[in-house]
Amino acid sequence: MVETRSWSTVKVARNAIQFFYRFVFDRPWDWIPIVKPPKVQPLQDVLSMEELNLIINHTRKLSYQVYFLTTYSLGLRLSETLHLQVGDIDSHLMRVHIRRSKGNKDRFVPLPLLTLKALRRYWVTHRHSTLLFPGGKPPHERDGQPLVMDKGGVQRAIKLVAKECGIRKNVHIHNLRHSFATHLLENGINLRTIQALLGHVSPVTTAIYTKMTEEAQQNGALMINALIDRFEIDWVAP
């Protein structure tokens, strides 16, 4: 059966046998590790710059346009973009402070000029005192707490737009972050710098990661700006 059926089918059969033993025979079930599916780590689809351009330009809401660009150009996780605050944007040093990310760690990432302009374009439509991507209707609060954009909404939006653009890849928000890292690597940015930009540090590999040097930060910022400048975006009217 293991050779001829999918692992999900095998698991259903194993669970059925377990149920039969416990509730029909009324006998204890001793786990026998005869069926153990292999660990599979699926690869993320990478979106090309052309596909990213299509997605952003075919998005019909300014909030989602800016969200997609920001997530890609900063290499952020879905929730990291949603929780960006006005005070996180440093337009003098051209960097963004990512706070309390995965593992409760902070990091700084370069801020491309196009992304700064896009964030300003969207912010003037709501002028929230704290959030860059507020959710709901003004005053964008729930139970007295600031409310961010709905994460389900941005996921549905990117899937819908990708489908409308004829992109057959399995597109979701994390593809933006993965594509960002892949494009940087393809353009010559070293892996340790990319890992620092993404804040992608696991306990197993922490020892081999180093913080970006000033030179690496500058080179990374230049490369990111050159990459983001390739976008030609027709912004949706507020």
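Modeller: Gladly, and helices here are DSSP runs of H or I with at least four residues, numbered from the N terminus. The model is a predicted one, and just after α3 in it, G75 takes a positive phi of about 65°.

Colleague: What makes α3 mostly covered?

Modeller: Buried means under 20% relative accessible area, and 13 of the 13 residues of α3 are buried. In the largest nonpolar core, which has 54 residues, those that touch the most other members are I55, Y67, F68, Y72 and F231. To this core α3 gives the most, with eight residues. Leaving aside neighbours within four places in sequence, Y67 is in contact with residues including F133, M149 and I173.

Colleague: Why is D88 called buried?

Modeller: The relative accessible area of D88 is 6%, and the cut-off is under 20%, so D88 is buried. D88 lies in the loop between α4 (78-82) and β1 (89-90).

Colleague: What makes the pairing of the D88 and R99 side chains a polar contact?

Modeller: The limit for such a pair of N or O atoms is 3.5 Å, and the contact joining these two side chains is 2.5 Å, so it falls within that limit. The side chain of D88 also reaches the backbone nitrogen of Q85, at 2.9 Å.

Definitions and conventions: Residues numbered from 1 in each chain as written. Predicted model: local features only at pLDDT ≥ 70, side-chain atom pairs only at ≥ 80, totals over all residues. Heavy atoms only, no water. Buried < 20%, exposed > 50% of the residue type's maximum accessible area, 1.4 Å probe, protein only. Helix = DSSP H or I, 4+ residues; strand = E, 2+ residues; numbered from the N terminus. Polar contact = N/O pair within 3.5 Å; in protein donor to acceptor, adjacent residues only side chain to side chain. Core = buried A, V, L, I, M, F, W, Y, C linked by side-chain atoms within 4.5 Å. Contact = heavy atoms within 4.5 Å.
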